[in-house]
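Dear colleague,

Please find the structure below, followed by a summary of what was found in it. I would be grateful if you could read the two side by side.

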Amino acid sequence: MIRRPPRSTPKPSSAASDVYKRQGSGELGKELAIESKRLGLEVIAIDRYEKAPAMQVADYSRVIDMGDKNILKNVIKEFKPDYVVPEIEALSIEALKELEDEGFNIVPNARTVEITMNRDKIRDLASRDLKINTAKFDYIFEFDDLEKKANEIGFPLLLKPLMSSSGKGQSLVETKNDLNNAWKQAQANSRGKVKGVIIEEFINFDFEFTLLTVRKECGENIFCLPIGHLQSNGDYQCSWQPIEINESLIIEAKKMTTRLLNNLNGAGLYGVEFFIKGSEVIFSELSPRPVSYTHLRAHEPVLDLVCRL
């Protein structure tokens, strides 16, 4: 949480209240806390364990069960933040919805947090509702259904937890003999109470990138230069900005991003991930926050861009 300092204090008049948590008040939350304090804002970090990274630089902190609706609501009401910025997948979405109905400013909004915290909801929105190009996919919640649906997708395929971060728990499945280990890996790395998996066709893409996008309250989208990133063995390795990419592909990625953000309709900062295969742009994932892939010394400092808005 980030909140405005008292009016009598000689600090900037604009601010945000931030309950910031990804793997708790993690490294990305710490970056936000540092930059918020640089602007003279008060930061409150909430997590399920003590001395989380963001807590080390926050003005105040609390250790609570983020999945308990009543506990989460009470702590947020205690601090009366100007903005609440969720940064973890495993938290009570019902608490956020009720707080938003009561007038608290959830960033970007409670519906967006709910949709993007699970791969099935954001994939359904993109592919089925908005007809955006994605890989073929299916969901499995029981291991007994896995082999049949995997055969329908075809091998090789990717198997991922429905809720995870930074590529944790995803596996490249070459044959049906690999399904059992991949299932166990996904369950071990799943966040929250969601235990299902998503399987999707393996796309031998040329490269992948993230389009970091600022959405203003008026509905305008501002796109940062595209960020290239590399994963290996199911985990994030490195990023660079800008990645060299054909302008026509960027235009198509911006069109897809605009359709998604017009639907979600919440002011904030989004990381939208894409695959490129030849001249084809394929939507991968969307997060309502800067993701690990964008944790770099950007060509245009993102926070400065946001502050200018």
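Strands and helices here are DSSP runs numbered from the N terminus, with at least two residues (E) for a strand and at least four (H or I) for a helix; two strands pair if DSSP finds at least two bridges between them. Strand 2 (residues 42-47) and strand 3 run parallel and are joined by four bridges, and A45 stands opposite S61 in strand 3.

The model is predicted, so local features need pLDDT of at least 70 and side-chain atom pairs count only at pLDDT 80 or more, while totals for chains, interfaces and linings use all residues. Residues are numbered from 1 along each chain as its sequence is written, and side-chain values use heavy atoms, with hydrogens and water left out.

Helix 1 (residues 27-38) has 12 residues and reaches 17 Å from its first C-alpha to its last, close to the 16 Å expected at 1.5 Å a residue (the expected span is 1.5 Å times one less than the number of residues). L28, G29, A33 and S36 of helix 1 are buried, a term that means under 20% relative accessible area, with exposed being over 50% and partly exposed in between (1.4 Å probe, protein chains only). These residues cover an arc of only 140 degrees around the axis, which puts them on the same side of helix 1; the arc is that of the directions from the helix axis to the C-beta atoms. Their cover includes strand 1 and strand 2. Just after helix 1, G40 takes a positive phi of about 90 degrees.

Further along, S92 is found in the loop between helix 2 and helix 3 (93-101). S92 counts as buried at 8% relative accessibility. Leaving aside neighbours within four places in sequence, S92 is in contact (heavy atoms within 4.5 Å) with M66, G67, D68, K69 and L72.

Strand 4 (residues 137-140) pairs with strand 7 in the antiparallel sense over four bridges, and Y139 has I198 as its bridge partner. Strand 5 also runs antiparallel to strand 7, through five bridges, with L159 opposite I199.

L162 lies in the loop between strand 5 (157-161) and strand 6 (171-173), and at 1% relative accessibility L162 counts as buried. Not counting residues up to four places away in sequence, L162 touches several residues, among them Y139 and I198. L162 and K195 are 33 residues apart in sequence and 7.2 Å apart in space, C-alpha to C-alpha.

For the chain as a whole, there are nine helices and 13 strands. Of the 309 residues, 53% count as buried. Among contacts with a separation of 6 or more, 60% are between residues 24 or more positions apart.

With kind regards
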